[in-house]
Structure formats: C-alpha cells, structure tokens
Amino acid sequence: MSTLKVHHIGYLVKKLDAAIRSFENLGYRITEPTVYDDIRKVNICFLEKDGYTIELVSPVSEDSVVSGLMKKYKNSPYHICYETEDFEHDYQELTSNGFIAIDAPTPAPALQNREVVFLTNASMGMIELIRP
C-alpha cells in the first residue's frame, strides 16, 4: 500500500456555530469558510491547531448521510481521513483487506471537489480516502 497521510479527523456536530466557538476556545483556527455539501447534505468547516486538522460535519436535513450517525453518536469524532498518492491502488488494497466501501467515490465540495470515498472496518470504524 502506498503511504497514507492523515489529512483530518472528522467530527459530527449538531450545532456548527457552537462547535466552532468551542474549538476556537481550545486554540483552533478556521482555515476555510464553511462549505455546504449538497451531495451529503451537510455543512463542513475545517479548523487547525498545532498541525492537526479537524473537519466539523453538521447535518442540515433529516436525509443527510450523517443524520443516522448523529442520532447514534451525538457530537463526537467519527472518521479519520487519509490522503493518498495512488487512490485506485490504495482503494483496492483497503477493500482487499477487510474495508467495505459505504459509498462510491464522489466529489467533495469542501475539498476542492476532489473525490473521496468512505470505508468501514469492523475492527476500527470509518475512514475516508481522498484522491490526490
């Protein structure tokens, strides 16, 4: 598998503005304006501190892809996102080693429309893979 680099940690949040304020109180700073992802029906905001990037993900409707997760997990981290230099190879490698894709690769408006795919593994939960 090519080298996977951690891009961000994804956090589910019910109230985006309140979560932003709480992370700012911890010293995080917003790195990009909030983006609405119409494919997933979520608002997304990236913040950074000490070289770590977090992605706040807030559902905007009941049919958002994260609404079910929000009901189950409430406000909490829920995925680690990895950047890869060889998307096809790493995607195949992950699916050959116990990861199950839960969606097809689709553009992510908050990531300059780079394609992403979410995968899950029974032993560790959800990850996101970003195309270079």
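Predicted model: local features only at pLDDT ≥ 70, side-chain atom pairs only at ≥ 80, totals over all residues.

**Rings, a helix and its neighbours**

Trainee: Why are F87 and Y91 separated by about one helical turn?

Mentor: An α-helix has 3.6 residues a turn, so residues three or four places apart point the same way. F87 and Y91 both belong to helix 3, which covers residues 87-96. They are about one turn apart because their spacing in helix 3 is 4 residues.

Trainee: Are the planes of F87 and Y91 stacked or edge-to-face?

Mentor: Look at the angle between the planes, which is 10 degrees. Planes under 30 degrees apart count as stacked. With centres 6.0 Å apart, the F87 and Y91 pair is therefore stacked.

Trainee: Which residues of helix 3 are buried, and why do they line one face of the helix?

Mentor: The buried residues are F87, D90, Y91 and L94. If you look down the axis of helix 3, these buried residues fall within a limited arc, so they line one face. That arc is 105 degrees.

Trainee: What covers the buried residues of helix 3?

Mentor: Several strands take part, including strand 1 (4-12) and strand 6 (76-84). Strand 7 (100-101) and strand 10 (125-130) are also among them.

Trainee: In which sense do strand 1 and strand 6 pair, and which residue of strand 6 is the bridge partner of V6?

Mentor: Strand 1 and strand 6 run in the antiparallel sense, with 8 bridges between them. Strand 6 also pairs with strand 10, there in the parallel sense over 5 bridges, and I80 stands opposite I127 of strand 10. As for V6, its bridge partner in strand 6 is Y82.

Trainee: How many aromatic pairs are there in the whole structure, and which residues do ring pairs link into a cluster?

Mentor: The search finds 3 aromatic pairs. One of them joins F23 and Y28 edge-to-face, 5.2 Å centre to centre and with 90 degrees between the planes. F23 counts as buried because its relative accessibility is 13%, and Y28 is buried too, at 18%. The cluster linked by ring pairs is made of Y11, F23 and Y28.

Trainee: Is N121 buried or exposed, and what does its side chain reach?

Mentor: N121 sits in strand 9, residues 114-121, and counts as buried because its relative accessibility is 13%. Leaving aside residues up to four places away in sequence, N121 touches N97, G98 and F99. G98 follows helix 3 and has a positive phi, near 95 degrees. The N121 side chain reaches the backbone oxygen of G98 at 3.5 Å and the backbone nitrogen of S123 at 2.7 Å.

Notes:
Residues numbered from 1 in each chain as written. Heavy atoms only, no water. Helix = DSSP H or I, 4+ residues; strand = E, 2+ residues; numbered from the N terminus. Buried < 20%, exposed > 50% of the residue type's maximum accessible area, 1.4 Å probe, protein only. Polar contact = N/O pair within 3.5 Å; in protein donor to acceptor, adjacent residues only side chain to side chain. Contact = heavy atoms within 4.5 Å. Phe/Tyr/Trp six-rings, centres within 6.5 Å; stacked < 30°, edge-to-face > 60°. Arc of directions from axis to C-beta. Pairing = 2+ DSSP bridges.
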